Amino acid sequence: MDAQVTESLFPSIIPAETNPLEPIPLAELTRQMWQTFERMGFNGFLYYGILDEIPSPDWRFFSNQPMQQHEHRYIGTMRIETLANYHQQTGGDERIRQQIFSAQRLFQREPLDHRIQQQRKILDFFTALDIHSQLFVPVYGLAGRGWHAQYMLNSPLSDQELASWLKDYQVSLYNACFYFHTLLMRDYSYLFNPWLNDRVSDRALDVLTLTANGLGSKEVASKINLSEKGVNYHLNYLREWLGAENRVHLVALAKDMRII
């Protein structure tokens, strides 16, 4: 790509007054991300954390009744209400669900076939939002074991037009995605870590963190006003869930997954 074209498409993101060594407020990062993707021609985006493998059926991220809490799992231009309506009106999208978990590289949504009922519902839903094609950009760096972050980018272009655009501007797109991902993982990885969503309560996380700091069950219990039996309950649940052999292994796994 011509350097001048790249520079005009992806100008300096960092405001002059920004200190890159200090945390940038999440709302400001979201605004900067949207400005950048909008300049690239996209008309909406989502950024979220996701597991590397398809989870058990009870995982609610892709269920037909998506979660209604913890909106910070996503940042972007679409709200949870929009996602909930999507699932309710279309019944979900098994094809894209499989791709999201298996993809190891950027991919474009396959064209939808209006002759297939579910795909026609999805097509109608997207058309009402002026979404005519989508890109998905998985980013693996700086995340934890078993999960990564991903961008969903909505475009008003046709599938063919978006594919043509991507040939010229893929490098700039990757650069923008990784730049923002780096800042988000530096300061806010805990908000997007899918291991934490719905599966680790705040109390269990407190128990795990204090255990990682070398405290025994009695000491942990006294620190957080919980019975020793309650502390052991949380630790045993976490060990079983993560497949840890003992507490030392549990702490190691939790750090590796960036749960703590």
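Visitor: Is Tyr 179 buried, partly exposed or exposed?
Guide: The relative accessible area of Tyr 179 is 24%. A residue is buried under 20%, exposed over 50% and partly exposed in between, with a 1.4 Å probe and protein chains only. Tyr 179 is therefore partly exposed.

Visitor: What kind of model is this, and which pLDDT do local features need?
Guide: Residues are numbered from 1 along each chain as its sequence is written, and side-chain values use heavy atoms, with hydrogens and water left out. The model is predicted: side-chain atom pairs count only at pLDDT 80 or more, totals for chains, interfaces and linings use all residues, and local features need pLDDT of at least 70.

Visitor: How many aromatic pairs does the structure hold, and which class describes Phe 125 and Phe 126?
Guide: Rings of Phe, Tyr and Trp (its six-membered ring) pair if their centres lie within 6.5 Å; planes under 30 degrees apart are stacked, over 60 edge-to-face and the rest tilted. The structure holds 15 such pairs. For Phe 125 and Phe 126 the centres are 6.4 Å apart and the planes stand at 65°, so this pair is edge-to-face.

Visitor: Are Phe 125 and Phe 126 buried or exposed?
Guide: Phe 125 has a relative accessible area of 10%, and for Phe 126 the value is 6%. Phe 125 is therefore buried, and Phe 126 is likewise buried.

Visitor: Which class describes the ring pair of Tyr 179 and Phe 180?
Guide: The centres of these rings, in Tyr 179 and Phe 180, lie 5.1 Å apart. Phe 180 counts as buried, at 0% relative accessibility. The planes of the two rings are at 70°, so the pair is edge-to-face.

Visitor: What distance separates the end C-alpha atoms of helix H2?
Guide: Helices (H or I, at least four residues) and strands (E, at least two) are DSSP runs, numbered from the N terminus. The expected span is 1.5 Å times one less than the number of residues. For the 14 residues of H2 (residues 26-39) this gives 20 Å, which agrees with the separation of the end C-alpha atoms, 20 Å.

Visitor: Which backbone oxygen does the side chain of Asn 193 reach?
Guide: Asn 193 is located in the loop between H6 and helix H7 (202-212), and at 0% relative accessibility it counts as buried. Beyond neighbours within four places in sequence, Asn 193 is in contact with Trp 147, Met 257, Arg 258 and Ile 259. A polar contact is a pair of N or O atoms within 3.5 Å; within protein, one must be able to donate a hydrogen and the other to accept it, and residues adjacent in sequence count only if both atoms are side-chain atoms. At 3.0 Å, the side chain of Asn 193 reaches the backbone oxygen of Met 257.

How values were computed: Contact = heavy atoms within 4.5 Å.
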